[in-house]
Amino acid sequence: MTAGWHVTVLTLFPEMFPGPLGMSLAGKALENGTWSLESVDIRSFASDKHRSVDDTPFGGGPGMVMRPDVLDAALTASRSRLSQDQRERGRAIYLSPRGRVLDQALVRELVSAPSLTVLCGRYEGVDERVLEAQGLEEVSLGDFVLSGGEPAALCLIDACVRLLPGVMGNAETAGEESFERGLLEYPHYTRPAVWQDRAVPEVLLSGHHEKVKAWRLAEAERITRDRRPDLWQRYEESRPKAETKSRRRRKPRSGSTLEDGVSLVDPTAETAPVPNLD
């Protein structure tokens, strides 16, 4: 097995991979061996002449269920091609609406393992017994239903690959993104400095790095509090009480000042030269 983080995807549609994962940053990392991908056609493990992978559900009901014997054979064969370390420490998941909701913390967990095996379901789902026998973790992208696990697998793998060392050009970028600190990301601005009578916040033109940093944190907190109360509550609970009380006295606005009256732009402070953004 090649070095680097390895992903095995079991699917009825192996031609869907790598798909977009073969492009941009993920594609370059795939090409240079930072990670590797194997797509496995589940149907090739069917034993009858019709290559059947599903059957009607016991107890009745609509739709079809993927057979445990076919899936077990596919999973066992795929895992046998992994190294011992990948088998012992790798993660194996089944993408399902009833699973643990994927978040950045889980992404970091998955990418820290040497390998990831992803089972993509179709129809009404898979026989419960194969999940138990193979010890698959169930993971969900959210409270909605897709036609199959493949689109979800593409999203999950992309989220993981971009955290691999060397994939992103600037290592600091990942730490500034939404969810990395438990907050949504702050707003971004670029040239021109004034567009349709909308000006870039003054603090971002000041060249004062600490005040820029403070503004960005304040904006990230404001946006998270307004848009994602669930994230904000967890963020508040995770911080020391003294810091939480201090922040509550300094609620951010969308301008360049804080509501306690302290300007984020000090006209007397020494600042770095600012490039012409016009």
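Two strands pair if DSSP finds at least two bridges between them, and helices (H or I, at least four residues) and strands (E, at least two) are DSSP runs numbered from the N terminus. The structure is a predicted model, in which local features need pLDDT of at least 70, side-chain atom pairs count only at pLDDT 80 or more, and totals for chains, interfaces and linings use all residues. Residues are numbered from 1 along each chain as its sequence is written, and side-chain values use heavy atoms, with hydrogens and water left out.

**View 1. Strand S5 pairs with S7 in the parallel sense.** The pairing of S5 and S7 extends over 5 bridges. Within it, Leu95 stands opposite Val139 of S7.

**View 2. Strand S5 (residues 91-101) is also joined to S6, and the two run parallel.** There are 4 bridges between S5 and S6. Ile93 has Val118 in S6 as its bridge partner.

**View 3. Ser115 belongs to strand S6, which covers residues 115-119.** Ser115 counts as buried because its relative accessibility is 1%; buried means under 20% relative accessible area, exposed over 50%, and partly exposed in between (1.4 Å probe, protein chains only). Leaving aside residues up to four places away in sequence, Ser115 touches Trp5, His6, Leu82, Gln86, Gly90 and Arg91, where contact means heavy atoms within 4.5 Å.

View 4. Gly142 is buried, at 12% relative accessibility, whereas Val145 is exposed, with a relative accessible area of 69%.

**View 5. Helices H8 (residues 209-227) and H9 (residues 229-238) cross at roughly 125 degrees.** Their axes come within 6 Å; axes are lines fitted to C-alpha atoms, for helices over the stretch in contact, and angles run from 0 to 180 degrees between N-to-C directions. H8 and H9 are therefore oblique to each other, since angles under 35 degrees count as roughly parallel, over 145 as roughly antiparallel, 65 to 115 as roughly perpendicular and the rest as oblique. Leu217, Glu221, Thr224, Arg225 and Arg227 in H8 meet Pro229, Leu231, Trp232 and Tyr235 in H9.
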